[in-house]
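Grab a pencil and work through these exercises with the model open beside you. Each task comes with a solution that goes step by step.

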Amino acid sequence: MNKKVRVRFAPSPTGPLHIGGVRTALYNYLFAKQHGGDMLLRIEDTDSARFVPGAEEYIVEALNWLGIKIDEGIGAEKQGKHTPYRQSERKDIYRKYVDQLLEKKLAYIAFDTPTDLETKRAEIANFQYDASTRDLMTNSLTLSEEAVNSRLQNGEQYVVRIKIEPNQEIKVQDLIRGEVIVNSSVIDDKVLFKSVDGLPTYHLANVVDDYLMEISHVIRGEEWLPSAPLHVLLYRYLNWTDVMPQFAHLPLLLKPDGNGKLSKRDGDRLGFPVFPLNWKDSKTGETSSGYREAGYFPEAVVNFLSLLGWNSGTEQEIFSMDELINLFSLERVSKSGAKFDYEKGKWFNHKYLQNKPIDEIADLFQHILIQKDIIEDWEKVKKIVELVRERANFITDLWVQSSFFFVAPISYDEKTVQKRWKAETPRQMEELIDLLNAIDDFTAENTEELTKKWIAENEYNMGGIMNAFRLAIVGEPKGPHMFDIISLIGKEETIERIKNAIKLIV
RNA sequence: GGUCCAUUCGUCUAUCGGUUAGGACGCCAGGUUUUCAUCCUGGAAAGAGGGGUUCGACUCCCCUAUGGACUACCA
């Protein structure tokens, strides 16, 4: 049976989308597109207590930015035929399946309060609510029917738990890991539904929704692997095994140093973003930085992320989204977790910065200039970008690398002054002023030729002159070819700066 | 503690029984250069340990070790 490929990304709106989540979304997308399938976005907000306003919008915006297009569900152009795609709005749908399980005695009602459970856990070491302990608890298996009904009529809070038969082998076929076998005895009677808010828990909701939304492949993080057998069981209990999706559990993204899952704190600690976009926490007011605002190209982030846990089998490193769609395969996803290497992320952005059309880069840079109240001629901006982009990793680096094109130095790098500004330098610079002043054709080629001639004729030291010259014009020992710089800033400005340097450097 | 998953250079990874164990990031050295950077060339750098299976194991199996995930009326 070959059903249409339909995958879903199903985050819960508890905050900004984590970079690991982004990768999961990306792999889902690549897989779907390769097979001509659909990518759905479903919001799993069954925990009303953890809902964070703005999180859903953030997720949609982030995926949009990255070029991960949603075919159906939240954020899609047209939502699709399985609406709604927010689980909190699907309450009525789940109730039916809860009742079905209850009727078939595959689930039961439990009245134990959180404190009851706590005390039990304290009492019994490694307590697990399952076949071995449910007789000790307050539920519809231990209470009489009348007792249960009267409790319900009194409006007592309850949950519905799945009833798991102990000692059964449950097999999960995983596309990345192969067959995983778990004994049902180690799975507890998970809560499927809570009366407090009338909502199911994740386990029931995701199974029901994946079934109703005709999901063909569930591609999610490895943290779900331990509960996958429970989900398989649920498909069995609901008689849906014939249309059960295939599972693929992705390896985790790990901290760059030490061990463990990559977390928000690592970003703060090590100084790199762990979110796609900036996020401002409305409670604490603190902002977490995102890749977009840090100056990354979405293509670079996608490329970088795609290789964290997958590889093409070739030695190619740079991939466009289309190439990724073509080449991606779950079989080539690695099984072990990948440490997050931020340095390599920077390198990817550098590559994209070099390879993009100059107009695109210049346009982005001009926006930065405008924010700094610098209005500059488009052609000139393009030339400047051309000259400095190779020394930049990010659009934002461009300013650091080129600010001297727009603003004359107000101070001079001390070390360089000591090393490059000698006693005879002011006199030589005066001569240089005279020389440049007499040049009408101020192109880089011409000024270079004449300046070098002058240096040779006077038997000056090339490095000595040029480095002092640079110091006067740039203020620091950096930047592109000197004659390219002065041709762009012009004769007057060049001479002005040399004069200033002679005056200011002691 | 229990269950499950994993283990090749510092990092991401290639290898699907026979290779001088390859590439990339980073690092180091040299070259290019008037500076910084880029770029080019080169270099150091790896199969967790122990048993098997096999003519031959990084590759297959087992054990140990290590790491991770999960173990909620969270997802």
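**Exercise 1: the RNA strand**

A polar side-chain atom of R177 sits 2.6 Å from a sugar or linking oxygen of RNA strand B. Keep in mind that this is a predicted model.

Task: Work out which residues come nearest to RNA strand B, and which elements supply the surface near the strand.

Solution. 
- Step 1: Start with the neighbours. There are 61 residues around RNA strand B, and D112, R177, R391, G479 and H481 come nearest.
- Step 2: Look at the RNA side of things. Of the RNA strand B atoms that come within 4 Å of the protein, 69% belong to sugar and phosphate.
- Step 3: An N or O atom in the side chain of E44 is 3.3 Å from a sugar or linking oxygen of RNA strand B.
- Step 4: Trace the surface back to its elements. At least two residues each come from helix 4 (114–123), strand 5 (159–162), strand 7 (178–183), strand 8 (191–194), strand 15 (338–339), helix 11 (342–355) and helix 18. Helix 11 gives the largest share, with 4 residues.
- Step 5: Sort the surface near RNA strand B by class: 24 charged, 21 nonpolar and 16 polar residues.

**Exercise 2: helix 18 and its partners**

Task: Helix 18 packs with helix 20 and helix 16; decide how each pair is oriented.

Solution. 
- Step 1: Know what to read off. Two packed helices are described by the angle between their axes and the distance between the axes.
- Step 2: Take helix 20 (residues 491–504). The angle with helix 18 is about 100°, and the axes are 8 Å apart. Angles of 65 to 115 degrees count as roughly perpendicular, so helix 18 and helix 20 are roughly perpendicular to each other.
- Step 3: List who touches whom. Helix 18 brings F469, A472 and I473, while helix 20 brings T494, R497, I498 and A501. By class, that contact has 5 nonpolar, 1 polar and 1 charged residues.
- Step 4: Repeat for helix 16 (residues 425–437). Here the angle with helix 18 is about 80° and the axes are 11 Å apart, so helix 16 and helix 18 are roughly perpendicular too.
- Step 5: List the contact residues again. They are T425, Q428, M429, L432 and L436 of helix 16, and I465, A468 and F469 of helix 18. The classes come to 6 nonpolar, 2 polar and no charged residues.

**Exercise 3: one threonine**

Task: Is T24 buried or exposed?

Solution. 
- Step 1: Buried means under 20% relative accessible area. T24 has 11% relative accessibility, so T24 counts as buried.
- Step 2: Leaving aside residues up to four places away in sequence, T24 touches F9, I219, R220, G221 and L250.

Conventions:
Residues are numbered from 1 along each chain as its sequence is written. Chains are lettered from A and ligands numbered from 1 in the order in which they are written. This is a predicted model: local features need pLDDT of at least 70, side-chain atom pairs count only at pLDDT 80 or more; totals for chains, interfaces and linings use all residues. Side-chain values use heavy atoms; hydrogens and water are left out. Axes are lines fitted to C-alpha atoms, for helices over the stretch in contact, and angles run from 0 to 180 degrees between N-to-C directions. Angles under 35 degrees count as roughly parallel, over 145 as roughly antiparallel, 65 to 115 as roughly perpendicular and the rest as oblique. Contact means heavy atoms within 4.5 Å. Ala, Val, Leu, Ile, Met, Phe, Trp, Tyr, Cys and Pro count as nonpolar, Asp, Glu, Lys and Arg as charged, and the others, Gly among them, as polar. A residue is near a molecule or strand if one of its heavy atoms lies within 4 Å of it. A polar contact is a pair of N or O atoms within 3.5 Å; within protein, one must be able to donate a hydrogen and the other to accept it, and residues adjacent in sequence count only if both atoms are side-chain atoms. Buried means under 20% relative accessible area, exposed over 50%, partly exposed in between (1.4 Å probe, protein chains only).
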